[in-house]
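Dear colleague,

Please find the structure below, handed over for your own work.

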Amino acid sequence: MNIFEELEWRGLVADCTDAAELKKRLEAGPIVLYAGFDPTADSLHAGSLVPLLALRRFQLLGHHPIAVAGGATGLVGDPSGRTAERQLLNKETLDRNIAGIKEQLRLLLDFECVANPARLVDNAEWTSPIGFLDFLRDIGKHFSVNQMMAKESVRARMENRETGLSFTEFSYMLLQAFDFFHLFQAHQCELQIGGSDQWGNITAGMELTRKKAGAHVFGLTLPLILNTDGTKFGKSAAGAVWLDAKKTSVYRFYQFWIRTDDRDVIRYLKYFTFLSREEIESLAAQHHERPEARAAHKALAAAMTDLLHGANATTEAIRASDILFGGGLEGIAESTFNEIVGEVPTRDLDKSKLEGTGAPLPEVMAASGLCPSKGQARKDIEGGGVYVNNVREPSPLRNLTMADLLFGKHLLLRKGKRNYTVMSVK
């Protein structure tokens, strides 16, 4: 498949300014395209992946991607898709955010290949040197306020009398349009891609390029992802799912994907992974026949964690996940085990109780909250339903000692298949 067919099959084409002409242009040879990433935080999040991975898809098929870090536009803030104005960032925060985002862009785009290396640019490089009056004369004169107010991103905010729209945000469209014009002049960029909320900004850039350069360029938008239940994609119970492992651990990143709703998992395999059509159709068939096996979920989580964090990190995340399904603890790293501590109830245990002959297991099970009493704990143990560090413990006479502690700190107790508590010594 060519790139447009690939995007269509994956459901990644929301809208296109001139699909027939763009297809012809793509068939004629490689194209230069760009997507922008405003540095509103020091890391991109899972919701940023659709345009970023689209750039990667274009590059893998021979095209020339440009990733634009918004050092200029980030100072203003994009009103698209927002009901209130963003908090303006100072220059120091913006510079720190850009540095973090640039590292993540390098993870997914190849800047070293000979044939079609990606470019990473910052729009502050060409925007900052231009004076305010020069910008108004050279760029602003090409825009009709009437047309700008008709754009969805502007109109929606103008209709809300309480929040309204500041002139700062109103001018954002001009800055992004100027990016497209500049990239066309500097790099012969003919295509801008972005989320469907960027339609107004993209078409404004096309108009500016037509008026100032007499050139016909293209815009293509990608769908904004919503989960089937209507919630915004890229969020978890703990908040945004970040690409930076220091903000969202590898384990939690893996868990975000493996917990995908059954109704969304095949769609997300198409949107986010680089698995082939045949592989995804095979997983779809498996998912339809045996959804409880979660083959599609596991493939999605492994593919995404591999892509962002590497195979070794994926292996550790899978091991941590397996622990909560009864997997063995042999050779598990302390950092991996620590990831699951936050996933299950944790209670304190006086270290002195484990010294010497130790504490009776029924007593500790009752203290963990897994059993309502020591008597019930003895019955559960005799019934084969109690596990210490994921090993079944058959004897109610068993004492837990310091030797049972994992990493000298924790006991992992389980009752039945999925009821866990971590006892941490103090």
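In which helix is Leu136 found? Leu136 belongs to helix H7. Please note that the model is predicted.

Leu136 is also part of a nonpolar patch on the surface, together with Phe132, Leu133 and Phe167. The accessible area of these residues together is about 470 Å². Helix H7, residues 132-138, supplies the largest share of the patch, namely three residues.

Helix H13 (residues 250-258) packs against helix H16 (residues 295-309) at an angle of about 145 degrees, and their axes are 8 Å apart. The crossing of H13 past H16 is right-handed. On the H13 side, the contact is made by Val250, Phe253, Tyr254, Trp257 and Ile258; the residues of H16 include Leu300, Ala301, Met304 and Leu308. Sorted by class, this contact has 10 nonpolar, three polar and one charged residues.

Finally, the structure contains 20 salt bridges. One of them joins Glu190 and Arg25, with 3.0 Å between the closest N and O atoms. Glu190 is in the loop between helix H11 (172-187) and strand S5 (191-195), whereas Arg25 is in helix H2 (residues 19-28), so this pair ties together parts that are 165 residues apart in sequence.

With kind regards

Methods. Residues are numbered from 1 along each chain as its sequence is written. This is a predicted model: local features need pLDDT of at least 70, side-chain atom pairs count only at pLDDT 80 or more; totals for chains, interfaces and linings use all residues. Side-chain values use heavy atoms; hydrogens and water are left out. Axes are lines fitted to C-alpha atoms, for helices over the stretch in contact, and angles run from 0 to 180 degrees between N-to-C directions. Helices (H or I, at least four residues) and strands (E, at least two) are DSSP runs, numbered from the N terminus. A crossing is left-handed if the near helix is turned anticlockwise from the far one by less than a right angle, and right-handed if clockwise. Contact means heavy atoms within 4.5 Å. Ala, Val, Leu, Ile, Met, Phe, Trp, Tyr, Cys and Pro count as nonpolar, Asp, Glu, Lys and Arg as charged, and the others, Gly among them, as polar. Patches are made of residues with over 30% relative accessible area and no salt bridge: like charges are joined within 9 Å, nonpolar side chains (Val, Leu, Ile, Met, Phe, Trp, Tyr) within 5 Å. Accessible areas come from the Shrake-Rupley method with a 1.4 Å probe; for residues, only the protein chains shown count as cover. A salt bridge is a side-chain nitrogen of Lys or Arg within 4 Å of a carboxyl oxygen of Asp or Glu.
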